Amino acid sequence: MRKNWSQWLFGIVSGAVAAVMMPALYLQATLPDRFLVTPGQELTIQSDVALEAQPTLNNLPLEVYSSAGNTYRADLTILGGIKVKTVTVQVVERQSVTPCGTPFGIKMFTDGVMVVGMSDVQTESGRVNPAKEAGLQMGDLILTMNGQQVTSNTQVSQVVSASNGSPITVVFRRGEEEHTTTLTPAYSKTDAGYKAGMWVRDSSAGIGTLTFYDDSTNVFAGLGHPICDADTGDIMPLLSGEIVNARITGIEKGASGDPGELKGMFVGEDPLGVLEYNGETGIYGTLNRLPVSVNRMEVSHRQEVKEGDAKILTTIDGTTPKEYAIRIEKINFSDSNPTKNMVIRITDPDLLAQTGGIVQGMSGSPIIQDGRLVGAVTHVFVNDPTRGYGIFAENMLNTATNLAKEIPQTS
């Protein structure tokens, strides 16, 4: 009887410890190491578990650290004192930007040409694939061929054709590393010419939504996710590009298994802006003119975003954005996937009736809550187009701010 009692007590204690440790370990893994606050603001984090932030100030009052430019540490605890982790708190002036929600056309060219497919060459002696034999793979970025920089499909074809079957020295990038290989084109009896056995891509075009514009730096942000190659899924490395005005002309309504799409067209010859960066949190560049007349809006820090009602600013007809009701259902602070910080649901009956929810082309639509810009739409759930992901505006603003430091400013 005593043994059974001990086992029962041990099980109760073990269960209680696990109940405490599991949320602590989860929060430790998912909470970021750094938070921003404005002068005079204390760190408060929205969480399913009551989470407290205790500044570690070396016995000095918080006021000493509460002016912009200062940084201090804070211990995050749950259940009245169980430490989760220590984070850095940076005091900054709150930034404001102009939210857009306007459609724009994207034209970009890659830095090199990307291998997006392989195709065997039918020769007199059978099928061969020179690209595979050279060790090339889908997603590789070809930079030079025989010392000549290649930036277009046409250039690759010209070098291969002119080789007459002689070996070609190819420099390519895979991930962050550059490699050199030798590719020997094969003569295709089908096409009566020399072939490399690969498909390459040098450009991309499409329509998305502008998220915001910062007139203090002339930098814009859009999409909230990178432009990736449709075949490889890799981020397309930007060589050059521009954005142009666009008009939404129709809607392919979303349904379960089919996310739908905004149909649009490029408008006008003059570029709206220059593309400078295609990265994990979206596309960025400089604008020649502001596409929409909207007042500036403060940007929320990530910990200020909360579950509940919000709005998106998006365009589903013509060129003028409108506000539509949504609900933020879940918040994820983890930095491991900076484009999926929120789960959102479209609740606006008008938007649901016209689009079925989130459709392709709405990526980048600003998310507004309590009069502040909190994020942008990034992805749709394929099996439930009424729901999708959003990125924190703070993540996009951080990228835009870093880019502005690298772009020469004109007076």
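Buried means under 20% relative accessible area. By that criterion, Glu304 and Arg94 are both buried in this predicted model.

**View 1. A salt bridge links Glu304 and Arg94.** The side chains of the two residues meet at 2.8 Å, N to O. Glu304 is located in the loop between β21 (297-298) and β22, whereas Arg94 belongs to the loop between β4 and β5 (96-99), so the pair ties together parts that are 210 residues apart in sequence. In general, side chains of opposite charge can pair when their charged atoms come close. Across the whole structure, a search finds 21 salt bridges.

**View 2. Arg372 also forms a salt bridge with Glu304.** Here the N to O distance is 3.8 Å. Arg372 is part of strand β26 and Glu304 is in the loop between β21 and β22, so this pair ties together parts that are 68 residues apart in sequence. Arg372 counts as partly exposed, at 25% relative accessibility, while Glu304 counts as buried because its value of 17% falls under 20%. Through salt bridges that share partners, Arg94, Glu298, Glu304 and Arg372 are joined into one network. Another salt bridge of the structure pairs Glu261 with Lys263 at 3.4 Å, N to O. Both of its residues are partly exposed, Glu261 with a relative accessible area of 30% and Lys263 with one of 35%.

**View 3. Four strands form an open sheet in the order β1-β4-β3-β2.** The pairing in this sheet is mixed. β1 and β2 (51-56) stand at the edges, each with a single partner strand, so one side of each is left without a neighbour in the sheet. With direction ignored, neighbouring strands are turned by 40° against each other on average. β1 runs parallel to β4, and four bridges join them; within this pair, Phe35 has Val89 of β4 as its bridge partner. β3 and β4 run antiparallel and are joined by eight bridges, with Arg73 partnered by Thr88 of β4. β2 and β3 pair in the antiparallel sense over six bridges, and Glu52 stands opposite Thr77 in β3.

**View 4. The largest nonpolar core has 41 residues.** The residues with the most contacts inside this core are Leu31, Leu76, Ile312, Ile328 and Ile367. Several elements give two or more residues to the core, among them β1 (34-37), β3 (71-78) and β4 (82-91). Further contributors of this kind are β22 (308-314), β23 (322-331), β24 (342-346) and β26 (372-381). Leaving aside its neighbours within four places in sequence, Ile328 is in contact with residues including Val305, Ala310, Met342, Ile344, Ile367 and Val374. Its contacts also include Lys306, Glu307 and Gln369. A second, separate core consists of 19 residues, including Val219, Ala376, Met396 and Ile407.

**View 5. Gly371 is found in the loop between β25 (366-369) and β26.** Gly371 is exposed because its relative accessible area of 53% is over 50%. The C-alpha atoms of Gly371 and Lys311 are separated by 9.6 Å, although the two residues are 60 residues apart along the chain.

Technical notes:
Residues numbered from 1 in each chain as written. Predicted model: local features only at pLDDT ≥ 70, side-chain atom pairs only at ≥ 80, totals over all residues. Heavy atoms only, no water. Core = buried A, V, L, I, M, F, W, Y, C linked by side-chain atoms within 4.5 Å. Buried < 20%, exposed > 50% of the residue type's maximum accessible area, 1.4 Å probe, protein only. Contact = heavy atoms within 4.5 Å. Pairing = 2+ DSSP bridges. Axes fitted to C-alpha atoms, helices over the stretch in contact; angles between N-to-C directions. Salt bridge = Lys/Arg side-chain N within 4 Å of Asp/Glu carboxyl O.
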